[in-house]
Amino acid sequence: QKIYDTRYWKEECFGLTAVDVLEKSSHLKCIGSSYGGNAKPTKFLCLILKMLQIQPDDEIVDEMILQENFKYVRAIGAFYKRLTGRPADIYEVLEPLYRDYRKLRMRRTTDWAIEHMDEFIHMLLTEERVCGIALPRLPQRSVLIEAGYLEEGPRVTGLVDAMDGEGPRAYLKKKVEQGNEGARLLEQKYIEMANKNKKKKQKHVDEKKKRKRTFEKSNEHDSGNDDSYRGYYTRPLESQKHDTGNNADRNDGRGNPDAASGKNDRAENHNMKQQRGSNDQSKKYGSLFSDKKTKIETSQRSSQSESKPDKPPEEGSDEYWDEQRAKLGLKPLRK
């Protein structure tokens with residue numbers, strides 16, 4: 001609203017076209033946002049707002065940026081491109097302007113400042129607010145390269161023209177031959193970094209070879225063990241039986257050639273010990289540990305004894321009289 005209320009907007013910016021904006025911007029004397037106690041907007045902001053209204057074609061905006069005669073026209077075109085362009089187009093169009101070192105007058109709230117064109121372009125590419133206006137978010141260059149929107153490699157700079165088609169290393173050597181001290185120091189630093197990187201690569205290769213050798217040795221050892229097991233299981237069945245028999249002799253006979261007899265003797269000794277233990281338990285605990293068979297046998301014997309009664313003693317014999325005395329509760333006769 002402050003821009004609409006300014007005298008410059010009402011008198012100079014009414015009914016302008018893209019060509020008229022080019023003509024008006026060529027007469028600018030400074031860039032900036034607002035100034036004074038009332039925060040009066042500059043003519044630069046008025047023309048930016050007019051371009052946002054008329055929305056000129058991309059060809060016109062690119063022509064405003066590429067021309068080199070009017071620096072403030074280039075500044076307006078770059079600012080408008082930063083506001084409305086795509087990220088890839090912004091980098092491709094604005095990065096070549098880093099080679100422009102012309103001065104720009106910037107009007108601040110209370111004073112003036114001198115900025116260069118390359119500094120102004122850097123502000124547009126890196127900062128969030130320029131000339132008091134919040135800029136759209138711009139992804140980093142590396143992100144656009146990874147996504148495939150920009151080509152890999154360094155950005156376009158004025159150094160490319162100075163190389164005359166040669167590489168950066170050739171240009172540096174050329175400067176060293178001309179006696180440039182800074183180029184000589186940079187060349188030495190480059191050589192040191194190259195040697196350091198070469199040593200790191202060689203160390204990495206040696207470590208990789210060492211790990212490979214240890215891995216192969218471990219595989220050979222494991223394969224040898226597997227072959228020994230496979231050799232045992234792939235032998236004929238008779239040889240395996242022979243080996244199992246030898247192992248049984250070693251374990252059971254313990255070096256005795258008559259292993260079977262030794263095994264039988266140990267079985268007999270074990271049975272005898274079990275019998276002794278059962279007898280001892282029966283003596284100690286009575287019929288608690290008696291088997292069912294023994295109980296059945298004793299019951300059968302008692303039943304047989306009851307089924308077969310003894311013959312009665314003859315009358316007049318000592319046994320007869322003892323039985324009679326026993327019925328009366330008397331003691332047997334003394335013999």
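Two strands are taken to pair if DSSP finds at least two bridges between them. With that criterion in place, I turn to the structure, which is a predicted model.

Strand β4, residues 103-107, and strand β5 pair in the antiparallel sense, over five bridges. One of the residue pairs involved is R105 with its bridge partner I114 in β5. In general, strands of a sheet pair through backbone hydrogen bonds, in either a parallel or an antiparallel arrangement.

The sheet as a whole is open and has three strands, in the order β1-β4-β5, with mixed pairing. Its edges are β1, at residues 31-32, and β5, at residues 112-116, each of which pairs on one side only. Packed on this sheet is helix α8, spanning residues 117-126, which touches β1, β4 and β5. The direction of α8 makes about 90 degrees with that of β5.

I now come to the largest pocket. How much space lies in it? The value is about 260 Å³. The lining of this pocket comprises 16 residues, and the closest to the pocket centre are C30, Y35, T42, K43 and R107.

Which elements each supply at least two residues of that lining? They are α2 (7-12), β3 (40-41) and α4 (43-54). Helix α4 gives the most, with three residues.

Conventions
Residues are numbered from 1 along each chain as its sequence is written. This is a predicted model: local features need pLDDT of at least 70, side-chain atom pairs count only at pLDDT 80 or more; totals for chains, interfaces and linings use all residues. Side-chain values use heavy atoms; hydrogens and water are left out. On a 1 Å grid over the protein atoms alone, a cavity is a set of points where a 1.4 Å probe fits but cannot get out, and a pocket is an open set with protein on both sides within 12 Å along at least five of seven lines; lining residues have an atom within 4 Å of a point. Grid points are joined across faces, edges and corners, and a volume is the space filled by probe spheres set on the points. Helices (H or I, at least four residues) and strands (E, at least two) are DSSP runs, numbered from the N terminus. Contact means heavy atoms within 4.5 Å. Axes are lines fitted to C-alpha atoms, for helices over the stretch in contact, and angles run from 0 to 180 degrees between N-to-C directions.
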